[in-house]
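Dear colleague,

Please find below the structure that I am handing over to you.

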Amino acid sequence: MDIPHPYLMFVGDVQDQLAAKTAQGIVDWRPEWCLGQLRLEGCKADLDIPDLTIAEAAARGAKTMVVGVVNAGGVLPEHWTSAIVQALEAGLEVASGLHARLESVPAIRDAAAAHGRRLFNVRHSDQRFATGKGTKRPGLRLLTVGTDCSVGKKYTALALEKEMRARGLDADFRATGQTGVFISGRGVAIDAVVADFISGAVEWIAPAATPGHWDLIEGQGSLYHPSFAGVSLGLLHGAQPDAFVVCHEPTRTTMRGVQHPLPTIQEVIDLTIQCGRLTNPAIRPVGIAINTKAYGEDEARACLEAAEKAHNLPATDPIRFGVGKIVDRMMEDFPA
């Protein structure tokens, strides 16, 4: 899937910043591809890039409008149709990370056909996957896991790739969600794969590799989340990780979208080891990534120090302080 850029990022009228996390992720990791954002009236998200109309974006050279939002069920709200049709009429391609296929809306399908534009449904792969086999394969793998959804699993894996490559290490980010696919240009949105083939899809994403090569696999959901634990478990078994990093947002009390209490970091460590041993008996934690955005500098450092002391693992905020100490631990536990 080769999606032409630069992009106009469409965030609709979402009601919080997390609902625009696909767009925000692309802006954070591929800022040079993002010309501006299109927000509808009432939108409460801001990507901190220029607000542009469709006409302005087209005049500045935008090639694709990216529907960069997430919502429950991955639906395409009916009142967004007109903006998507306008983009197609203006000569832009349209790409979406939602579960709903763009062409399922007749007006969008017809406009794309009439103007010779392409529709990219990033969440839907045309690749056919086998069932997972769980057989040990060469190479090293790390999986980011979480106490909840939207706690930094993708950002942590990307930060690890950046740090490891800067050190001359052989490492690749492996995308398992729509945002990661937009960023990396390859991967599979695991939550759109039929359940029987989830672990097999992850084996395809991170296949046998040379000794010393690290695949840094983007985690999804949480083993404790009542909505998404099935995806998280299939991903864990297919990843067959040698190492994992627990990602956490410390200000939450309940998991996103439900009333269930947030599990502790230790509970996630314990359950990840228990379940992960099915396909890799040697699985182990190598760090904790905590999103301290809500904290001041001193409070953030105190939070990280407490986590390190409680779990005897390096703890950091990947965005604020980098992931160097986690990479140090990986190299210590898995010497070349």
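Two strands are taken to pair if DSSP finds at least two bridges between them. Helices (H or I, at least four residues) and strands (E, at least two) are DSSP runs, numbered from the N terminus. The model is predicted: local features need pLDDT of at least 70, side-chain atom pairs count only at pLDDT 80 or more, and totals for chains, interfaces and linings use all residues. Residues are numbered from 1 along each chain as its sequence is written, and side-chain values use heavy atoms, with hydrogens and water left out.

The sheet and its helices

Six strands form an open sheet with parallel pairing, in the order β7-β8-β6-β9-β10-β11. Its edges are β7 (171-174) and β11 (315-316), each of which pairs on one side only. Strand β7 runs parallel to β8 (residues 214-217) and is joined to β8 by 4 bridges; Arg 174 stands opposite Ile 217 in β8.

Helix α9 (residues 265-276) lies across β6 (140-146), β9 (243-248) and β10 (284-290), where contact means heavy atoms within 4.5 Å. This helix runs at about 150° to β9; axes are lines fitted to C-alpha atoms, for helices over the stretch in contact, and angles run from 0 to 180 degrees between N-to-C directions. Helix α12 (residues 324-333) lies across β6, β8, β9, β10 and β11, at about 180° to β10.

The cores

A nonpolar core is a set of buried Ala, Val, Leu, Ile, Met, Phe, Trp, Tyr and Cys residues joined through side-chain atoms within 4.5 Å; buried means under 20% relative accessible area, exposed over 50%, and partly exposed in between (1.4 Å probe, protein chains only). The largest such core has 73 residues, and Met 9 and Trp 214 are among those with the most contacts inside it. Helix α5 (residues 153-166) supplies the largest share of this core, 6 residues. Apart from it lies another core of 33 residues, including Val 193 and Leu 236.

Aromatic rings

The whole structure holds 5 aromatic pairs (ring centres of Phe, Tyr and Trp, its six-membered ring, within 6.5 Å; planes under 30 degrees apart count as stacked, over 60 as edge-to-face and the rest as tilted). The rings of Tyr 7 and Trp 33 have centres 5.9 Å apart and planes at 85°, so this pair is edge-to-face. Both Tyr 7 and Trp 33 are buried.

With kind regards
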